[in-house]
Structures are given as structure tokens and as C-alpha cells.
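Reader: I'd like to learn how to read a protein structure, one feature at a time. Could you walk me through this one?

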Amino acid sequence: MDKLNHENTDLKLYMILLGSKAPGRNVEQHDYFFGIATGLAGLLPQIKSFWPEAGKSIHIDGWREVTVVDGYSINVVLKSETENLSAKKLFFINLGGYQSGKLEEQHYTVLTVQDDRLPAIQSAKKTIFFKTHSVESVKGANSHIDEKYGIDVDDIYRIEDILSPEQKEKYHLQITSSENLKEDHVHLGYLTLDKLARLKDRN
């Protein structure tokens with residue numbers, strides 16, 4: 001329960017898989033949200049603002065505190081208190097691909113630390129997903145990097161660029177190479193925002 005709320009005063013970067021059976025949709029829709037807070041419950045206003053059209057059906061299907069990526073430690077710092085900003089950047093990539101005989105598009109997400117966008121794309125193309133989710137006999141069915149947010153044809157985003165305007169202005173991700181890092185734990189399971197709010201109110 002502590003990790004859902006305020007286990008300490010340290011700011012954390014969260015990656016959250018949101019789901020919603022939005023009005024007029026036949027199947028549940030999903031999107032990824034990134035935000036900064038001292039606990040998951042602190043993100044409630046940001047989540048609602050991020051996907052207002054989802055309505056009351058919006059919920060969390062999984063989440064991760066992003067602290068370790070590619071052998072780098074990820075820490076949230078105030079820009080006003082940081083003299084030397086990290087040269088390395090944290091990127092989010094959403095890969096899409098196909099399998100023969102299945103009328104659906106498979107997806108695979110990648111977090112990677114790189115100097116720039118091009119090496120981030122090259123890193124994503126080395127994943128098993130990218131190599132195995134192409135239908136070579138069908139033109140246009142090769143794995144690809146989706147136009148997911150409508151921001152850029154690459155659908156690869158520096159995390160700091162897709163934070164809320166307020167957080168983008170206030171925070172910076174300090175990225176440092178480290179050894180013996182423990183991999184982030186991925187929390188899976190259905191969690192409504194109402195339940196998260198109730199957990200927050202108890203603390």
C-alpha cells in the first residue's frame with residue numbers, strides 16, 4: 001500500500017498502462033501515461049486530465065516506477081536545483097507488428113537510454129519483437145514504429161517531452177550510469193481510480 005501512496009518524499013517517474021471502455025467503443029482502449037509524484041495516488045489529477053474522454057471507465061491495468069533503464073539510474077530532480085543536466089535521454093517507443101492469420105496488431109513498448117532519437121530507434125529494432133512480428137508475404141505488414149501520439153512520424157518520444165507542461169517546466173530526469181542495479185518491478189492488475197483515491201484518503 002505504501003508504494004501506492006506516499007512511501008517517502010522522493011519524487012518518482014511513473015509509467016502507467018491506462019485502460020478505458022470509452023463511449024461508443026466495442027473493445028477496451030489503452031494508452032501509456034508518464035507522470036512524476038511521490039506516490040502513485042498523487043497522479044490522480046494528472047491521469048484524469050490526460051484522458052478526459054475516457055470517463056468513469058478509466059482504470060489502471062499496470063504500472064512501474066521507472067528507476068532503472070539500460071544500466072542507468074533514473075532520478076527526478078528539480079531543474080532549479082540542478083546545475084549540470086544529464087546529456088543522456090530517456091526514450092519511450094511503441095512498436096507495432098503483425099502475425100499471420102491474426103486480425104490484430106501486436107504492440108510492444110520499449111524504454112531506452114540513448115544520446116538521441118536515431119540510436120533509440122536502432123535499439124528498438126534489435127528487439128525480438130521487431131524481428132519476429134512481420135508478415136513478409138503481405139506488403140505493408142512489417143513491424144513498424146507506430147504513429148501513436150500524432151506528434152512525430154517516428155512515434156518515439158523523449159519522456160521529458162511528453163510530461164505535463166507543468167512537470168516539464170519544473171523537473172528534469174537525472175540519468176547516471178550505475179552498477180549492480182535491481183530491475184524495476186512491473187505491477188500488473190486492474191485498479192480503479194476510485195479505489196486508488198480511497199487508499200490515498202486512508203493515509
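Predicted model: local features only at pLDDT ≥ 70, side-chain atom pairs only at ≥ 80, totals over all residues.

Reader: Which residue forms a salt bridge with aspartate 184?

Author: The general idea first: side chains of opposite charge can pair when their charged atoms come close. Here the partner is arginine 64, with 3.0 Å between the closest N and O atoms. Arginine 64 sits in strand β3, while aspartate 184 belongs to the loop between β10 (171-177) and β11, so this pair ties together parts that are 120 residues apart in sequence. Arginine 64 counts as buried too, since its relative accessibility is 19%.

Reader: How many salt bridges does the structure hold?

Author: There are three salt bridges in the structure. One of them brings together the side chains of lysine 88 and aspartate 115, at 3.1 Å from N to O. This pair links distant parts of the chain, 27 residues apart: lysine 88 is in the loop between β5 (72-78) and β6 (89-97), and aspartate 115 is in the loop between β7 and α2 (117-124). Lysine 88 counts as partly exposed because its relative accessibility is 25%, and aspartate 115 is also partly exposed, at 45%.

Reader: And what about glutamate 160 and arginine 158?

Author: Their side chains meet in a salt bridge as well, at 3.9 Å from N to O. Glutamate 160 is buried, with a relative accessible area of 10%, whereas arginine 158 is partly exposed, at 23%.

Reader: Now the sheets, please. In what order do the strands of the open sheet of four strands lie?

Author: As background, strands of a sheet pair through backbone hydrogen bonds, either parallel or antiparallel. In this open sheet the order is β2-β1-β3-β11, and the pairing is antiparallel. The edge strands are β2 (29-37) and β11, each of which pairs on one side only. On average, neighbouring strands of the sheet are turned by 25° against each other, direction ignored.

Reader: How many bridges join β1 to β2?

Author: Nine bridges join these two antiparallel strands. To follow the pairing on your screen, find leucine 13, which stands opposite isoleucine 36 in β2. Lysine 12 likewise stands opposite alanine 37 in β2.

Reader: How many of the nine residues of β2 are buried?

Author: Seven of them are buried, and β2 is mostly covered.

Reader: Let's finish with pockets. What is the volume of the largest pocket?

Author: The general idea is that rolling a probe the size of a water molecule over the atoms shows where empty space is left. In this model, the largest pocket has a volume of about 410 Å³. Its lining is made up of 20 residues, and those nearest the centre are Met15, Arg64, Thr109, Leu111 and Val186. The elements that give two or more residues to this lining are β1 (12-20), β3 (59-66), β4 (68-69), β7 (106-114) and β11 (186-192).

Reader: Which element gives the most to the lining of the largest pocket?

Author: That is β7, with four residues.

Reader: How does the lining of the largest pocket divide by class?

Author: The lining has 12 nonpolar residues, along with four polar and four charged ones.

Notes
Residues numbered from 1 in each chain as written. Heavy atoms only, no water. 1 Å grid on protein atoms, 1.4 Å probe; cavity = no way out; pocket = protein on both sides within 12 Å on 5 of 7 lines; lining within 4 Å. Points joined across faces, edges and corners; volume = space filled by probe spheres on them. Nonpolar A, V, L, I, M, F, W, Y, C, P; charged D, E, K, R; others polar. Pairing = 2+ DSSP bridges. Axes fitted to C-alpha atoms, helices over the stretch in contact; angles between N-to-C directions. Salt bridge = Lys/Arg side-chain N within 4 Å of Asp/Glu carboxyl O. Buried < 20%, exposed > 50% of the residue type's maximum accessible area, 1.4 Å probe, protein only.
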